[in-house]
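Hi,

Here is the structure I promised to pass on. My notes follow below it.

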Amino acid sequence: MPQSLHGRIRIPGDKSISHRGIMLGSIARGMTELFGFLDGADCRSSIACFRQLGVDIIQDGDHIRILGGGLHGLQQPKEILNVGNSGTTARLMSGILAGQSFPSSLTGDASIQRRPMTRIIDPLHAMGARIRSRRDDGCAPLDIEPSALRGIDYLSPLASAQVKSSVLLAGLYAQGKTSVTEPAKSRDHSERMLRAFGADLIEDGLTVSISPNPDLTGQKIHVPGDISSAAYWIAAASIIPGSEIIIENVNINPTRDGILHIARAMGADIEEINPHTVSQEPVADLFVRSAELHGTRVDGPIIPRLIDEIPVIALMAACAEGETTIADAHELRVKESDRIESMVKNLSAMGVSVTGTDDGMVICGGASLRGADIVTCHDHRIAMTFAVASLLADGPVHLDDPDCVSVSYPGFYRSLQLLLGQ
Ligand SMILES: O=C(O)C1=C[C@@H](OP(=O)(O)O)[C@@H](O)[C@H](O)C1
Ligand SMILES: C=C(OP(=O)(O)O)C(=O)O
């Protein structure tokens, strides 16, 4: 019988909001303070890049102070900017760099150098940017030359907050208005934060428009807890009989709350307590009790609202009664790893009957999980998913790179021990 989870837990700050806080604080005028910042490897990469761009950023744990010099206050970096493992840093920062009066280059780790950048290069080109993939393969390293930008109306083929945000940030430096229309709503943290910093931004359904600003103004931002990190505890507490936990201070932004909808559709028992707003973002504590789960269908416009949670949703599906189909999630193939392949391979190794499809997977629930050697592909979400799976396995589960969790959740294993009462 697996050991149940109990107690209250506070999860680290939201990764998307932490990145945006560093970036907007760096191009705003005056002091920005971030409280509850995610001190994980990805957000540290954003700090390192903007320091290289001449911004004074002081970090004291999860408290950050940024002295921004305004939209044109960045300086030419002496060396190539290194985004590490962070796609968000690469794509959003490219939008800012495209509008600068100096050249710059950026690269990242092996995973970043495989992830597609044409999705931002194309719209930035249409705005007049001079940005090219050094190896001509559509991936980083990217070289960016100064040029005058003009506003465009961009019809994005993808529901991607990174693409949307990159174009909107470039729009701050463009002549005229820039708008982005997406096929489905992606996370809207950039829109909320840009507005708080004083940007001239309008939202109309799936279209967001921004006009160039004379300047943004530094802000104090309280970063709420990351629902993508809460997802592991939602899943673990739901699956393991007898569990009862409270996850404090979780961002429940409707563009991010897909996991709550899908978990409830599977029968999960999740109560939202004390809902309130913090720095333009809706927040609540989540009371999660174990429940009998059953299979469901995960597809359509909810996909961008839970894209990073699909690995752990697939694990919930493996432990539920009946079949679950995940579709319309082709984007999983271009994350830190090919997450469809990673999930199919590792769930199969644990004895789950799962079939990968082009844009998702079909999972037969109800199997008992056996011990296995897990290939994480250095992907933090795969590592955390199988650390949760290990609680249910009837034999030892070995992760080849357990430490990669520090990309988004440095205290993950400590939190797990706490919830297990160890
Ligand atoms: O904008 C963001 O902060 C993010 C957007 C999503 O990526 P896409 O924009 O590629 O969908 C998500 O997967 C990533 O973890 C963070
Ligand atoms: C896809 C992710 O992040 P990024 O694109 O910023 O690397 C993630 O955190 O799951």
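The shell around ligand 2 takes at least three residues from each of domain 1 (15–211) and domain 2 (224–419). Those domain bounds come from an automatic or database domain assignment.

Before you read on: this is a predicted model, where local features need pLDDT of at least 70, side-chain atom pairs count only at pLDDT 80 or more, and totals for chains, interfaces and linings use all residues. Residues are numbered from 1 along each chain as its sequence is written, while chains are lettered from A and ligands numbered from 1 in the order in which they are written.

**Ligand 2.** Its shell is D42, S86, G87, T88, D308, K335, E336, R381 and S408 (C-beta atom, placed from the backbone, within 6 Å of the ligand). By class, that shell has no nonpolar, 4 polar and 5 charged residues. Asp, Glu, Lys and Arg count as charged; Ala, Val, Leu, Ile, Met, Phe, Trp, Tyr, Cys and Pro as nonpolar; the others, Gly among them, as polar.

**Ligand 1.** Both domains give residues to this shell, so ligand 1 lies between them. Among its neighbours are S16, S160, R187, I307 and E331. Helix α5 (residues 161–171) gives the largest share, 3 residues. Helices are DSSP runs (H or I, at least four residues), numbered from the N terminus. The shell splits into 2 nonpolar, 6 polar and 3 charged.

**Between the domains.** The centres of domain 1 and domain 2 are 28 Å apart, over C-alpha atoms. Their contact takes 20 residues from domain 1 and 17 residues from domain 2 (C-beta atoms, placed from the backbone, within 7 Å).

Best wishes

Notes: Helices (H or I, at least four residues) and strands (E, at least two) are DSSP runs, numbered from the N terminus. Two residues are in contact if their C-beta atoms, placed from the backbone, lie within 7 Å.
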